[in-house]
Amino acid sequence: MISKALVAASTKPVLLSVLSNGEMYGYQIIQRVIDLSGGVLDWSEGMLYPVLHRLEKEGLIRSRWEMSEQGRRRKYYSLTVSGRHELEQERAQWLKVHSVLSRLWTPALTND
Amino acid sequence: MFDLEREIRTWKKTMHGNESLEDGYVAELEEHLRDRYDALVEGGAAPADAFAEAARRIGSPAQLGEEYYKTDTRALTGRPPWQSPLFRNYLMVALRKFRQQKLYAIINIAGLAVGLACCLLILLWVKDELSYDRYYPHADHIYRAITTDHTGGGERKFAGSPSLLAGYLLDNYPEVEAVTRIQAGWPGWNLHLGDRRFTEARLAAADPSFFEVFGHRFLAGNREHAFDDRYSIVLTESLARKCFADEDPLGRTIKMSDTDLTVTGVVADVPANSHIQFDYVFPAVNMADWRESDMESWSYIQFATYLRLKPGVDAEAFSARIKDLVRRHAADSPYTLELQALADVHLQSTGIESWPMEYPHAGNMIYVVLFNAIALCILALACINYMNLATARAVTRAREVGIRKTVGAGRWDLVKQFYGESFLITGVAMLAAVGLVLLALPVFNRLSGKELDILYLLRPWNLLGLLGLGLVTALVSGLYPAVLLASFRTTTVLQQQSPRTGGGGKAFRKLLVISQFVFTSVLLVVTLTIYLQLRFVQTADKGYHSEDIIAFASYGFLGENWDAARQEFLADPRVITAAQSFPLTYRAQGRDDARWEGQPANQKATLFPMGVRWDFLELWDIELVGGRFFTRDHPADIDNYLVNESAARLLGWQEPVGKWLEWNGHRGTVIGVLKDVHLGSFHHPIQPVVYNFSRRPFFACVRVQPGRLEGMIPWFHQMWDRFAPDEPFQYSIISMKVAEEYDPDWKIAEMIFYFTGLAVLIACLGLFGLAAFTVERRTKEIGIRKIMGAGVGRIVGMVCREFSLWIILANLLAIPLAWLAAREWLDRFAYRIDLGWEIFAVVLAAALGLALLTVTGQALRAARANPVDALRYE
């Protein structure tokens, strides 16, 4: 399992990345994350929806209600332009952290 | 049997129970719940279990609500925690109120701005007054010796001290580090360099230790050895530049009258806030030759003595030790000594006659106190205005307060809101005040004779002070309105009743208006007293004729020259008389070594000399009370004396004529008595004078027909050039000299007049606002009264009566305070007007008149209005 703090920190980049592939509604997002992580990132709904709400307030994503064929209401979320910029920045930062950690954990081959 | 829809309805109900979960959120969560349920059932779970699992995953309403609340509030404001969430709303409401009630806002801001501006100007002035003489490096250890003359049981203080004192102190008291004697302020000296003359330059004659005592900064030359040679001179930077431009002044020669002096040093210019002002200094020892100064006497007190004590010496104890020093050397001397700290000289020298060290703009502690009081009063007036108008308007804000309270505002929220308004107004007023100070500073500098700089306000500490002043103003003026408004009861104000500000609120407002008029009445009484006293001293009979007389330093008019010149003067029909005479406006220092017929043992008396010659009486129109004056018919009289009435009284003579008097070592007979005249200003009592026949007249005076003097100046110039071709034409007009005596008083008076005017203006502004408000509140009442038959006069009278009563009460309260303040100021004059009831009556009338003028306009407007409009009002 991944620690609570890391889950919280990664929520935003994960959400933005998932939405970068197109419009989705809440249930879909959670399912997608669980699938992708093989169950390691087990998000709770109680966390997801408020975060979506906050990102919308920050102008990174937008939402719209739509009726599905089965007569169910769905709230779809998609990225805004500033959401895309934000994702780029997040990506760069996470890659940096990743590369530092990978180099640290790779046996020292380059030192001689 | 499991019913999904019923379970979901129950679930939704619990969700809605949390106030943070809005409908939209719950709807979205419900869809999620259904999706999860479907998936679980599809996976083979029992419906009841599937629902329980799905609901568990979404979480409890409390958890969800908290999460949503967190994201909601953080996204909404991003404000610091001390800022009220309603800040924008408060600001908008305040601005809207300003717009709606422009008049009140302007009165408030204008009043506060003028008050703050006055305050700032006065503080600048006070700060400058307090800074005098603190610039010298050893200022804390420098003292001036003050002589008290106890002649005839009286007490007169002089800034001069016996000429032997300085040397004696240095030789016999190890506490004394350095000591110097100074004379300055002599008229008629003449510094020249080739053909160029520097008649405006101010001299100081001082001992060589002068620079050591004060530590003047030498820009050229050597401080220790500047006066090694007695024919040396030290110039200030600006005089050196004037004389020698960019050349090196050291070693150059300057002529003082007929003596060559070598420039041995250049010192930095003396700052304006020093009481010792000079442009050049030469060794005092020369004064013995040039002006017969007595350098070695316990009786001659024309030098001022300044001493520097060693650090740690108790000045007070030292002062007590030297008190009777003079008597130890000259038995029966009427003089005692004391020390005055250098920093006190400027402000604490009232009653000390400072002839040897004349300097302009002598200050006075009482003015510093008075001005501080005025600043405080004016600011208080402005604050009171604000409180008054804000609380009076409170009723119009009552409904707002009621609604705010209903929707949950606490008392503290309201206090914060209304305090905010007072900070806003004070802030705007402060900015306006700084602008006003910028505009007014040139005028104020001209008035006060100072060179104050606005940049001074911008120094960090002063800026902090400025902020503090604004803060205090806002706190004081906002306190009462904020507390009052916040205390309104919701139910009362919303039921359309006027809020029970209660008798208390109204009484408080009355109290404020009354205290405003107490301040202004005190200021008015003081102003009027000052004006009347200054008019009195300038128009009062001085006992001699001071108009139409011109005086010259008599370089060219000496000896035989004078006889010829006098003949020519008298030949002109415009001239009434011409005489060699000291101008009566110059005061000489007294001596205590006279001896006289009937002198009791152990008694000495300080008498003041006045050198006179023929025609003196005619020139000045002084009354001869007994005996005769010096006349050409009695040439032997020139060894004799006349005295004035004060001298006769002091010497204990009933019949002075025929008594002998020894003066300056010469015994003569008193041949006549002159009436007492005011030789100096009315600040000082009339001195006992000995009139002796002057053998070395320095001055000549000419009296002409009334009104002709101005036009005759060119003619006098021609005459001067004929008799004294080498000397620059210099003259003084006696009436102007007399008026100059009171220049410092007028300067202060003028400032007080203006500040009083502003204070009155502020008070009237407040009254105007209050009257406008009162009338507005009574619109309906006035309308009904008119319909019932009340005339315009009656209604105006009704409105004015209340205000008049306040003003009268205020004036009654002001009387004792005003009397004390005016008395304190008048005490500075030996001759003064009576503080009669008339002054108070006039001030009462003026205050009443002003107040009624302010109120009547508003009352008339209401009284003239159509009652129908009034009744439809609201």
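Helices are DSSP runs of class H or I with at least four residues, numbered from the N terminus. In this predicted model, B:Asn108 lies in one such run, helix H6 of chain B.

**Domain layout of chain B**

- The domain assignment divides chain B into domain 1 (4–76), domain 2 (94–132 + 364–500), domain 3 (139–362) and domain 4 (549–740).
- The centres of domain 2 and domain 3 of chain B, taken over C-alpha atoms, lie 49 Å apart.

**Interface between domain 2 and domain 3 of chain B**

- Contact between these domains involves 8 residues of domain 2 of chain B and 11 residues of domain 3 of chain B.
- About 880 Å² is buried between domain 2 and domain 3 of chain B, with 52% of that area on carbon and sulfur atoms.
- On the side of domain 2 of chain B, the residues that lose the most area to domain 3 are B:Tyr132, B:Asn364 and B:Met365, which together account for 71% of what that side buries.
- Between domain 2 and domain 3 of chain B there are 0 salt bridges, whereas 3 residue pairs are in polar contact across this interface (both at pLDDT 80 or more).
- Helix H6 (102–130) and helix H14 (365–392) of chain B are the elements that each give two or more residues to the side of domain 2 that touches domain 3.
- That side of domain 2 of chain B consists of 4 nonpolar, 3 polar and 1 charged residues.

**Interface between chain B and chain A**

- In the contact between the chains, 21 residues of chain B meet 22 residues of chain A.
- Chain B and chain A bury about 2000 Å² between them, and 51% of this area is on carbon and sulfur atoms.
- B:Glu28, B:His32 and B:Arg57 contribute 30% of the area that chain B buries against chain A, more than any other three residues.
- There are 7 salt bridges between chain B and chain A; among them is the pair A:Arg72 and B:Asp38, whose closest N and O atoms are 3.5 Å apart.
- Polar contacts between chain B and chain A number 11 residue pairs (both at pLDDT 80 or more).
- The elements giving two or more residues to the side of chain B that touches chain A are helix H2 (23–42), helix H3 (47–58) and helix H4 (61–76) of chain B.
- Of these, H2(B) gives the most, with 13 residues.
- By class, the side of chain B that touches chain A has 8 nonpolar, 3 polar and 10 charged residues.

**Buried residues in helices of chain B**

- B:Asn108, in helix H6 of chain B, counts as buried because its relative accessible area is 2%, against a cut-off of under 20%.
- Beyond residues up to four places away in sequence, B:Asn108 touches B:Asn385, B:Tyr386, B:Leu389 and B:Ile425.
- B:Ala814 belongs to helix H27 (residues 792–826) of chain B and is likewise buried, at 3% relative accessibility.
- Apart from neighbours within four places in sequence, B:Ala814 is in contact with B:Val518, B:Ser521 and B:Val522.
- B:Ala814 and B:Tyr419 are 395 residues apart along the chain, and their C-alpha atoms are separated by 32 Å.

How values were computed: Residues are numbered from 1 along each chain as its sequence is written. Chains are lettered from A and ligands numbered from 1 in the order in which they are written. This is a predicted model: local features need pLDDT of at least 70, side-chain atom pairs count only at pLDDT 80 or more; totals for chains, interfaces and linings use all residues. Side-chain values use heavy atoms; hydrogens and water are left out. Domain bounds come from an automatic or database domain assignment. Contact means heavy atoms within 4.5 Å. Buried area is the accessible area (1.4 Å probe) that two parts lose on being put together, summed over both. A salt bridge is a side-chain nitrogen of Lys or Arg within 4 Å of a carboxyl oxygen of Asp or Glu. A polar contact is a pair of N or O atoms within 3.5 Å; within protein, one must be able to donate a hydrogen and the other to accept it, and residues adjacent in sequence count only if both atoms are side-chain atoms. Ala, Val, Leu, Ile, Met, Phe, Trp, Tyr, Cys and Pro count as nonpolar, Asp, Glu, Lys and Arg as charged, and the others, Gly among them, as polar. Buried means under 20% relative accessible area, exposed over 50%, partly exposed in between (1.4 Å probe, protein chains only).
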